Amino acid sequence: MMKKLAHCARGWGLALSLALPALVTGCASIGPPPGVTPVAPFDFSRYQGRWYELARLDHSFERGMTDVSAVYSIQPDGSVRVVNRGFDPSAGRWREAVGKALFSGMPTTGSLKVSFFGPFYGGYHVVALDAAYRWALVMGPDRSYCWILARDKQLDPVQREVITTQAKALGIDTAALIWVAHERQDSTP
């Protein structure tokens, strides 16, 4: 029995030693990319509510999705509830992910860490924001994560060009942006 326990302990030790660098790297990747400054002052009471994802860089967790939106709401403990919804045409149904966000520093700076998977957080940084909170440019912890969000399902072409130019100036590969179709009506409020 003792031999079995010692073998299990070695197995767990090996698993932990392999997982620890990934955990540390994952936890360390909540800050903005080098040279990128999140918006300040930032007013979450104006930011909360529904945003439509107009464009994004490709990632497996959203691949192929259309009609994507996110709803942000402040919780009594000061955290932010995040509800992402989108239509998956390959499955013919709506998909939803619910997460939690925490401010990375002062709540007057548009820098949060978001988790959809327990204790693992990723950076969420509002790096450009319309004065009326009608559109936002959001980046993750590096330049491979970028989203253009808006309160409406479409942007005027001139405004779209302005935001795309801002993204390019921040080092985003704007030619790789996927412009998200919004053709369905989501029945969930």
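Trainee: How many residues sit between β6 and β7 in their hairpin?
Mentor: Five residues lie between those two strands. Keep in mind that this is a predicted model. In the turn, tyrosine 133 has a positive phi of about 55°.

Trainee: And how many bridges join β6 to β7?
Mentor: Four, and the strands run antiparallel.

Trainee: What about β5 and β6, parallel or antiparallel?
Mentor: Antiparallel, with five bridges joining them. Leucine 112 has tyrosine 124 in β6 as its bridge partner. The hairpin of β5 and β6 has two residues between the strands, and glycine 118 takes a positive phi near 60° there.

Trainee: Is β6 mostly covered or mostly exposed?
Mentor: Mostly covered: eight of its 10 residues are buried.

Trainee: Where is arginine 151, then?
Mentor: In the loop between β8 and α3, the latter being residues 157–169.

Trainee: Why does arginine 151 count as buried?
Mentor: Because its relative accessibility is 15%, and the cut-off for buried is under 20%.

Trainee: What does arginine 151 touch, leaving out residues up to four places away in sequence?
Mentor: Its contacts include the run Arg46, Tyr47, Gln48, Gly49, Arg50, Trp51 and Tyr52. Tyr133 and Arg134 are touched as well.

Trainee: Switching to pockets. How much space is in the largest pocket?
Mentor: About 920 Å³. Its lining has 32 residues, and Phe61, Asn84, Phe116, Phe117 and Trp147 lie nearest the centre. β2, β3, β4, β5, β6 and β8 each give two or more residues to that lining.

Trainee: Which of the elements gives the most to the lining?
Mentor: β6, with five residues.

Trainee: How does the lining of the largest pocket divide into nonpolar, polar and charged?
Mentor: There are 19 nonpolar residues, eight polar and five charged.

Trainee: And the second largest pocket, what volume does it have?
Mentor: About 180 Å³. Among the residues lining the second largest pocket are Leu54, Lys153, Arg160, Trp179 and His182. By class, that lining has five nonpolar, two polar and two charged residues.

Methods: Residues numbered from 1 in each chain as written. Predicted model: local features only at pLDDT ≥ 70, side-chain atom pairs only at ≥ 80, totals over all residues. Heavy atoms only, no water. 1 Å grid on protein atoms, 1.4 Å probe; cavity = no way out; pocket = protein on both sides within 12 Å on 5 of 7 lines; lining within 4 Å. Points joined across faces, edges and corners; volume = space filled by probe spheres on them. Nonpolar A, V, L, I, M, F, W, Y, C, P; charged D, E, K, R; others polar. Buried < 20%, exposed > 50% of the residue type's maximum accessible area, 1.4 Å probe, protein only. Contact = heavy atoms within 4.5 Å. Pairing = 2+ DSSP bridges.
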